Amino acid sequence: MKKYTVEKIRIPAGGRAVKLLILRPTANRRAPEDTTGVLWIHGGGYVVGMAGMVFMSRAKRLAAEYGAVVLSPEYRLAGEAPYPAALEDALEAYQYLLKK
């Protein structure tokens with residue numbers, strides 16, 4: 001049995017959409033008010049990388065073994081949108097996480 005599910009969604013963000021990759025625990029699951037939420041911002045110095053890097057990191061263990069919901073935004077990279085675009089996308093993802 002898989003210990004987490006994967007959901008891909010888009011959230012509105014100032015006239016555009018930010019893609020989010022969400023890992024939700026199936027094992028070690030807790031009541032919503034007791035569930036930890038983790039905003040996982042991939043590495044790459046805002047120049048390279050993607051939300052899918054969550055699968056190559058320790059973040060998936062947070063969902064599988066510790067029952068956390070892990071949200072990884074596909075923020076805009078510096079080559080497509082200059083600073084502070086990536087931070088704005090991460091902030092939108094964080095605000096979404098706080099509401100859920």
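**Loops, pairs and a pocket**

Student: Between which elements does the loop with Pro84 lie?

Tutor: This is a predicted model, in which local features need pLDDT of at least 70 and side-chain atom pairs count only at pLDDT 80 or more, while totals for chains, interfaces and linings use all residues. Residues are numbered from 1 along each chain as its sequence is written, and side-chain values use heavy atoms, with hydrogens and water left out. Helices (H or I, at least four residues) and strands (E, at least two) are DSSP runs, numbered from the N terminus. Pro84 sits in the loop between β4 (69-74) and α2 (85-99).

Student: What is omega for the peptide bond from Tyr83 to Pro84?

Tutor: Most peptide bonds are trans. The bond from Tyr83 to Pro84 is cis, and its omega is near 10°.

Student: What is the phi of Asn28?

Tutor: Most residues other than glycine have a negative phi. Asn28 belongs to the loop between β2 and β3 (37-39). At a relative accessible area of 43%, Asn28 is partly exposed (buried means under 20%, exposed over 50%, partly exposed in between, with a 1.4 Å probe and protein chains only). Its phi is positive, near 55°.

Student: How many bridges join β1 to β2?

Tutor: Two strands pair if DSSP finds at least two bridges between them. Strand β1 covers residues 4-13 and strand β2 residues 16-25, and they run antiparallel. One of the pairings sets Arg10 against Lys19 in β2. The number of bridges joining β1 to β2 is 10.

Student: Which residue in the turn between β1 and β2 has a positive phi?

Tutor: The two strands form a hairpin with 2 residues between them. The turn residue with a positive phi, about 55°, is Gly14.

Student: How many salt bridges does a search of the whole structure find?

Tutor: Side chains of opposite charge can pair when their charged atoms come close. A salt bridge is a side-chain nitrogen of Lys or Arg within 4 Å of a carboxyl oxygen of Asp or Glu. One example joins Arg61 and Glu65, at 3.1 Å from N to O. The search of the whole structure gives 5.

Student: Is Asp89 buried or exposed?

Tutor: The relative accessible area of Asp89 is 2%. Glu88, which also meets Arg76 in a salt bridge (3.4 Å, N to O), is partly exposed at 39%. Arg16, Arg76, Glu88 and Asp89 are linked in a network of salt bridges. As for Asp89, its class is buried.

Student: Which element gives the largest share of the lining of the largest pocket?

Tutor: On a 1 Å grid over the protein atoms alone, a pocket is an open set of points where a 1.4 Å probe fits, with protein on both sides within 12 Å along at least five of seven lines; lining residues have an atom within 4 Å of a point. The lining has 17 residues, and Arg24, Pro32, Thr35, Val69 and Lys100 lie nearest the centre. Elements giving two or more residues are β2, β4 and α2. The largest share, 3 residues, comes from β2.
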